[in-house]
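This report covers a protein chain with two ligands.

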Amino acid sequence: MNWAELGFAYLPTEQRYVSNYKNGAWDEGGLTTDATVTISECAGVLQYSQSVFEGLKAYTTKDGRIVCFRPDLNASRFVDSAKRLHIPEVPVEKFLDAIKQTVKANAAYVPPYGTGATLYIRPYVFGSSAVIGVKPAEEYQFRVFCTPVGPYFKDGVKPLTLRVSDYDRAAPHGTGNIKAGLNYAMSLHASVTAHEEGYDENMFLDPATHTKVEETGGANFLFVTKDGVVVTPKSDSILPSITRRSLVYVAEHYLGMKVEEREVPFSEVADMAECGLCGTAAVICPVGKIVDHGKEIYLPSGMEKMGPVTQKLYDLLTGIQMGTVEAPEGWIYEICK
Ligand code: PLP
Ligand code: COI
């Protein structure tokens, strides 16, 4: 495997985990080599998009252990997402066990330390039984597969160009704060047209007033002000990113910076010193330029490299994940040695 050449694409590995929910209970679950799913043509997921998912990674540390980063937070967000779509929750312990089994069984696919690649893990659950009237399914399937990946954006960590989207990815009081496939279907048209027009991603504004910064199709925002304060949008319609929550902690406790989680009027963006997108897939990706209907905003950090604070946050976060920087208690979940 040429690990350093990997992009963010699906490459099936040997084993995946499957568990079925029927008659009000989850079965024991276990590994399978079958990468296909067979369900009713009328399954809840196919008709009414009853499905939620998670995304996390396994890393090889410098001393050769395979670890995950804060999977307990993915487990609890998975519970929150499932509840919102009336999907039976997968208990936290079952979720963690499924992750452990899947990663262990595919240990050969966890990219070695220093290659820049990681193993992306995709847990998901969907309504598998037939529904034709609009209601929750009675049966569900929970699966976990994994795939080795490189950087989410093709140029690695080169600053991105975003456009302010006219479309919304979420509704006020809708499902923007959970990880449901339907939110991503909502964002596809905005993302395809952004790419066609030469942008890397969209900046979505709040769906009620279109005046405040929300997030992109797959990552939260972090800004650094000219006075060195880390600012991140607070909103009920964005996904509570685990990467963002971790970076905010790192900024406060490792870098001694002031952090503000608050509404961020779009009008403030032009005065920011740095801007980054953060998420499991994106890690932390610098933004160089934002285009608002023809008006260009250039971040002072430029189009060539990350700004200094973004770079420090990136180095600390990836150091914690790969075991070269001491992690806060409970952040690193060891899968195997
Ligand atoms: N926002 C959206 C819409 C996402 O899809 C993701 C990816 O998971 C994130 C934010 C980042 O969340 P996390 O850091 O938990 O991966
Ligand atoms: C992630 O970062 O895990 C995501 O889910 C983003 C995208 C691949 C949907």
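## Domain interface

Between them, domain 1 and domain 2 bury about 1,900 Å², and 66% of that area is on carbon and sulfur atoms. On the domain 1 side, F53, F69 and R77 lose the most area to domain 2. Together these residues make up 33% of what that side buries. The model is predicted.

The domain assignment places domain 1 at 3-149 and domain 2 at 160-322. Their centres, taken over C-alpha atoms, are 25 Å apart. Domain 1 puts 26 residues into the contact, and domain 2 puts in 22 residues.

## Polar links and elements

What holds for charge pairing across this interface? The count of salt bridges between domain 1 and domain 2 is zero. Polar contacts do occur there: the rule finds ten residue pairs across the interface.

Several elements give two or more residues to the side of domain 1 that touches domain 2. The strands are β4 (51-53), β5 (56-60), β6 (66-69) and β7 (118-127), and the helix is α2 (71-84). Helix α2 supplies the largest share of that side, six residues. By class, the side of domain 1 that touches domain 2 holds eleven nonpolar, eight polar and seven charged residues.

## Ligand 1

There are 16 residues around ligand 1. Those that come nearest are Y184, E215, S241, T243 and T280.

For T280 the distance is 2.5 Å. For S241 it is 2.6 Å. For K179 it is 2.7 Å.

## Ligand 2

Which residues surround ligand 2? The set is F8, F53, G55, Y120, R122, Y152, K179, Y184, G218, T280 and A281. F53 is also among the residues of domain 1 that lose the most area to domain 2.

K179 reaches ligand 2 through its side chain: a polar atom there lies 2.7 Å from a ligand oxygen. The backbone takes part as well. In A281, a backbone N or O atom lies 2.8 Å from an oxygen atom of ligand 2. In T280, a polar backbone atom is 3.5 Å from an oxygen atom of ligand 2.

The side chain of K179 has an N or O atom 2.7 Å from an oxygen atom of ligand 1, and a polar side-chain atom 2.7 Å from an oxygen atom of ligand 2. T280 uses its side chain at ligand 1 and its backbone at ligand 2.

## Salt bridges

How many salt bridges does the rule give? The count comes to 13. One of them joins the side chains of E54 and R77, with an N to O distance of 2.7 Å. E54 sits in the loop between β4 and β5, while R77 belongs to helix α2, so the pair ties together parts 23 residues apart in sequence.

Definitions and conventions
Residues are numbered from 1 along each chain as its sequence is written. Chains are lettered from A and ligands numbered from 1 in the order in which they are written. This is a predicted model: local features need pLDDT of at least 70, side-chain atom pairs count only at pLDDT 80 or more; totals for chains, interfaces and linings use all residues. Side-chain values use heavy atoms; hydrogens and water are left out. Domain bounds come from an automatic or database domain assignment. Contact means heavy atoms within 4.5 Å. Buried area is the accessible area (1.4 Å probe) that two parts lose on being put together, summed over both. A salt bridge is a side-chain nitrogen of Lys or Arg within 4 Å of a carboxyl oxygen of Asp or Glu. A polar contact is a pair of N or O atoms within 3.5 Å; within protein, one must be able to donate a hydrogen and the other to accept it, and residues adjacent in sequence count only if both atoms are side-chain atoms. Helices (H or I, at least four residues) and strands (E, at least two) are DSSP runs, numbered from the N terminus. Ala, Val, Leu, Ile, Met, Phe, Trp, Tyr, Cys and Pro count as nonpolar, Asp, Glu, Lys and Arg as charged, and the others, Gly among them, as polar. A residue is near a molecule or strand if one of its heavy atoms lies within 4 Å of it.
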